[in-house]
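Let's take a walk through this protein together. Have the sequence and the 3D view at hand and follow along.

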Amino acid sequence: MVSPPPGAAAAAAARTWLRVGAAPRPLMGSQGGLGPPGNGGPGEGESGETRKLQEGRAARGKRRKGKGKGKAGAGQGGRGSGAEGKPEPPLEEAAELGAEAGARAGLGKTGEEGGSVEEGARRNVRGDEGSARPRKEAKGRDDGKKEEWKVRTGQREKARPARAQGRGFQAWGRLAGSGAAMAAAAEEEAAAREPAGRHAAGPALLRLPEELLLLICSYLDMQALGRLAQVCRWLRRFTSCDLLWRRIARASLNSGFTRLGTDLMASIPVKERVKVSQNWRLGRCREGILLKWRCSQMPWMQLEADSLYISQANFILAYQFRPDGASLNRRPLGVFAGHDEDVCHFVLANSHIISAGGDGKIGVHKIHSTFTVKYSAHEQEVNCVDCKGGIIVSGSRDRTAKVWPLASGRLGQCLHTIQTEDRVWSIAISPLLSGQLMTHLGSDFPPGAGVLDVMYESPSTLLSCGYDTYVRYWDLRASVSQNGFLRPLGKLGWRWRAPPNLPLHHLLLDRKCVMEWEEPHDSTLYCLQTDGNHLLATGSSYYGVVRLWDRRQRACLHAFPLTSTPLSSPVYCLRFTTRHLYAALSYNLHILDFQNP
């Protein structure tokens with residue numbers, strides 16, 4: 001082992017102690033930088049891990065804008081901070097600084113480390129030369145990435161000139177760069193901001209005129225349209241057109257279209273209604289309770305826009321639906337009173353509520369005011385009432401039906417009294433407002449087969465249900481006459497004309513129902529409701545059973561029992577929209593939510 005000359009060591013020590021000012025920046029040393037300069041480790045440029053560390057330090061140095069953060073450890077070869085903007089020391093100064101560092105950190109240990117101070121300096125110089133090239137390459141790569149990022153950011157700023165002017169036209173947003181990168185960035189942002197457009201080039205189907213494409217797609221069923229919507233965004237928007245779904249909706253249950261094609265729910269997209277219609281067909285729904293009352297009631301109910309009107313004892317309460325349609329605001333909008341006994345029936349007409357009470361009176365209430373008038377109408381309780389065209393017709397247990405005007409100056413004046421053979425349980429005014437006896441709907445029913453609910457579906461068709469457990473569909477245009485002939489009346493249908501000298505009791509036609517549906521459990525049917533097309537809903541007398549029927553088939557589609565044995569109750573009234581069904585029972589108001597099953 002050869003020791004360094006005493007003079008050289010003394011000179012190095014003297015230079016170290018005589019240096020004045022701040023300590024010099026440490027150099028890029030050997031691989032680990034953990035030993036003294038003379039340990040003979042491999043250079044920085046010889047290791048991939050060290051190169052990654054150098055690149056990371058160079059990137060951090062650039063972000064800190066030239067502010068160095070490296071530390072010079074005692075006894076270490078030293079690592080540079082990589083700060084941008086500060087030039088590296090020349091090789092001679094590097095050698096000198098390496099010798100000085102070796103003299104300070106390794107003085108007196110040269111024998112143990114196996115190298116002299118000069119050898120440590122030479123190794124530091126070689127390590128710095130080896131690490132200079134990867135530092136420059138890493139710096140070049142970082143500069144290229146930052147320039148591309150600045151160019152793309154500049155393109156976004158130029159697309160928004162107002163923001164660029166507000167920022168003072170920053171220089172980094174206007175750097176020149178690759179034309180391909182600029183074009184790609186512009187195309188990506190345009191595709192992200194603009195909606196999907198029609199393909200200019202592609203399959204021949206997409207290049208067809210929209211009218212012809214509509215005609216082709218009109219022959220597709222619901223499943224095929226759903227798959228076509230998954231091809232691209234343009235086809236998804238195209239297949240959402242209401243025209244493509246109208247034909248499917250008219251064949252679906254409770255989609256808002258009548259048998260004649262009238263759209264009753266034009267504010268809701270047809271495609272959304274067809275989706276909910278599948279829940280009606282499959283019987284998928286969520287059951288809930290909207291209202292409860294303490295004592296047993298016989299409630300009646302009506303829907304109008306976003307409001308629900310329901311009778312409880314001798315009151316009629318108005319509630320407002322919340323936006324989801326599946327819940328009510330607990331505080332009623334209005335309370336309409338005036339009867340001394342329970343309200344048996346009521347209808348909404350011309351911003352009025354016309355109610356029939358167990359006290360034999362008829363009440364007329366204005367919905368948006370406190371105006372209320374009641375007058376005696378029958379000797380016994382009024383079971384039913386209807387109003388149309390300014391005319392009120394009421395039916396009672398006293399076997400009479402009476403006609404009343406709705407005009408405010410003539411309220412309570414009976415216009416006509418109709419004597420019947422039995423108690424009157426239900427009444428419906430024809431849309432034609434004929435005001436005369438047109439026909440007799442069947443005469444071969446057994447005793448006690450009373451009709452509890454009847455409704456017109458069109459001027460010539462109506463539905464009825466009652467004690468005989470059947471729902472019947474009547475068409476006034478189809479009849480059989482034995483004692484006369486039919487006279488055509490154009491769009492109004494037919495009128496029976498009797499031959500001369502025929503007794504009065506033969507002046508009625510014996511009509512037959514067009515179709516009928518039987519309740520499977522032989523229960524009395526208290527109420528019915530139809531969508532005007534294919535769906536029919538009925539309420540039974542036991543266990544609160546609500547049944548859904550598809551009028552294109554005989555069998556019941558679905559049944560929903562709403563009460564258990566101890567609380568068995570009839571369904572006194574039911575109403576539905578395209579999304580929900582509401583059923584009024586003795587103690588609760590139930591809801592079946594088909595939109596969110």
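**Starting from the core**

L291 touches I310, Q312, Y319, L328, R330, Y587, N588 and L589, leaving out residues up to four places away in sequence; contact here means heavy atoms within 4.5 Å. Before going further, a word on what you're looking at: this is a predicted model, where local features need pLDDT of at least 70, side-chain atom pairs count only at pLDDT 80 or more, and totals for chains, interfaces and linings use all residues. Residues are numbered from 1 along each chain as its sequence is written, and side-chain values use heavy atoms, with hydrogens and water left out.

Back to L291. Along with L290, I310 and L589, L291 is among the residues with the most contacts inside the largest nonpolar core, which has 25 residues. Such a core is a set of buried Ala, Val, Leu, Ile, Met, Phe, Trp, Tyr and Cys residues joined through side-chain atoms within 4.5 Å. Buried means under 20% relative accessible area, exposed means over 50%, and partly exposed is in between (1.4 Å probe, protein chains only). At least two residues of this core come from each of β1 (286-292), β3 (307-312), β4 (315-320), β6 (343-349), β25 (580-584) and β26 (588-593). The largest share, 4 residues, is supplied by β4. There's also a second, separate core of 18 residues, including V276, L562, V571 and L592.

The element names come from DSSP runs, numbered from the N terminus: helices are H or I with at least four residues, strands are E with at least two. Two strands pair if DSSP finds at least two bridges between them.

Now find the open sheet of 4 strands, ordered β14-β15-β16-β19 with antiparallel pairing. β14 (451-458) and β19 (515-518) stand at the edges with a single partner strand each, so one side of each has no neighbour in the sheet. Between β16 (residues 470-475) and β19 there are 4 bridges, and V471 has W517 in β19 as its bridge partner.

Stay with β14 for a moment, as E457 lies in this strand. The side chain of E457 makes a polar contact of 2.4 Å with that of R551. (A polar contact is a pair of N or O atoms within 3.5 Å; within protein, one must be able to donate a hydrogen and the other to accept it, and residues adjacent in sequence count only if both atoms are side-chain atoms.) Beyond four places in sequence, E457 is also in contact with residues including Y473, T530 and G532.

G532 brings us to the next stop: it sits in the turn of the hairpin formed by β20 and β21, and has a positive phi of about 80 degrees. β20 (residues 525-530) and β21 pair in the antiparallel sense over 5 bridges. On β21 (residues 535-540), 6 of 6 residues are buried, with L535, A537 and G539 on one side and L536, T538 and S540 on the other. β21 also pairs with β22 (residues 545-550), again antiparallel and over 5 bridges; there, L535 stands opposite D550.

How far can you trust the picture? The chain averages a pLDDT of 74, and 62% of the residues score at least 70; pLDDT is the predictor's confidence in each residue, from 0 to 100. Over residues 1-46, pLDDT stays under 50. Where pLDDT is low, the predicted coordinates should not be read in detail.
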